[in-house]
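Me: I would like to go through this structure feature by feature. Please give the general idea each time, then the case at hand.

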Amino acid sequence: MTDRPVSIADAIAAIDEPWHPHDLVTANDTVVRVARLEGEFPWHHHDEDELFLCWQGRFVVELEGGRSVPLEAGELFVVPRGTEHRPVAHDGAAYGLILERPETLQYGND
């Protein structure tokens, strides 16, 4: 917990490689993470919901069954627990905020 505002822009500027989320804050039983997305992340699923908020750029959340959810800056989408998915950013780097539990495994639950 911090007693000062957190600058998302500063957090993004400090990211030096894609797909390595940085924790920004915790609230209740969740953590807000920021990540740089580039290319394709592996298919995976979680035992809990996962919220993606596109902060900058654009990316797609691909879901099992061939459905894709495109996100642009300011849009968010919740992947329901147990749903196979992967974020994909083909138009250069995109930045997203991710809301999930602190114990959520980045590469999902097997």
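Me: Where does threonine 83 lie?

Reply: Threonine 83 lies in the loop that runs between strand S6 (76-79) and strand S7 (85-100). Strands (E, at least two residues) and helices (H or I, at least four) are DSSP runs, numbered from the N terminus. This is a predicted model, in which local features need pLDDT of at least 70 and side-chain atom pairs count only at pLDDT 80 or more, while totals for chains, interfaces and linings use all residues. Residues are numbered from 1 along each chain as its sequence is written, and side-chain values use heavy atoms, with hydrogens and water left out.

Me: Is threonine 83 buried or exposed?

Reply: Buried means under 20% relative accessible area, exposed over 50%, and partly exposed in between (1.4 Å probe, protein chains only). Threonine 83 has a relative accessible area of 14%, so it is buried.

Me: Which residues is threonine 83 in contact with, leaving aside its neighbours within four places in sequence?

Reply: Contact means heavy atoms within 4.5 Å. With those neighbours left aside, the partners of threonine 83 are His44, His45, Leu63 and Glu64.

Me: How many residues has the largest nonpolar core, and which have the most contacts inside it?

Reply: In soluble globular proteins, nonpolar side chains tend to be buried together. A nonpolar core is a set of buried Ala, Val, Leu, Ile, Met, Phe, Trp, Tyr and Cys residues joined through side-chain atoms within 4.5 Å. The largest one here has 16 residues, and Phe52, Phe59, Val61, Leu71 and Phe77 have the most contacts inside it. At least two residues of this core come from each of strand S2 (30-40), strand S3 (50-56), strand S4 (58-63), strand S5 (68-72), S6 and S7. Apart from this core lies another, of 8 residues, including Ala11, Ile12, Tyr95 and Leu97.

Me: How many salt bridges does the structure hold?

Reply: Side chains of opposite charge can pair when their charged atoms come close. A salt bridge is a side-chain nitrogen of Lys or Arg within 4 Å of a carboxyl oxygen of Asp or Glu. The structure holds 8 of them. One joins the side chains of aspartate 23 and arginine 33, at 2.6 Å from N to O. Aspartate 23 is in strand S1 (residues 22-27) and arginine 33 in strand S2, so this pair ties together parts 10 residues apart in sequence. Arginine 33 counts as buried, at 9% relative accessibility.

Me: Which parts does the pair of arginine 81 and aspartate 49 tie together?

Reply: The side chains of arginine 81 and aspartate 49 meet in a salt bridge of 3.6 Å, N to O. Arginine 81 lies in the loop between S6 and S7, and aspartate 49 in the loop between S2 and S3, so the parts tied together are 32 residues apart in sequence. Aspartate 49 counts as partly exposed, at 36% relative accessibility. Salt bridges that share partners also join Asp23, Arg33 and Glu100 into one network.

Me: How much space lies in the largest cavity?

Reply: Rolling a probe the size of a water molecule over the atoms shows where empty space is left. On a 1 Å grid over the protein atoms alone, a cavity is a set of points where a 1.4 Å probe fits but cannot get out, and lining residues have an atom within 4 Å of a point. Grid points are joined across faces, edges and corners, and a volume is the space filled by probe spheres set on the points. The count comes to 1 cavity of 30 Å³ or more, and about 140 Å³ of space lies in the largest cavity. Its lining has 13 residues, of which Phe41, Glu50, Phe52, Ile98 and Gln106 are the closest to the centre. The largest share of this lining, 3 residues, comes from S7.

Terms used
1 Å grid on protein atoms, 1.4 Å probe; cavity = no way out; pocket = protein on both sides within 12 Å on 5 of 7 lines; lining within 4 Å.
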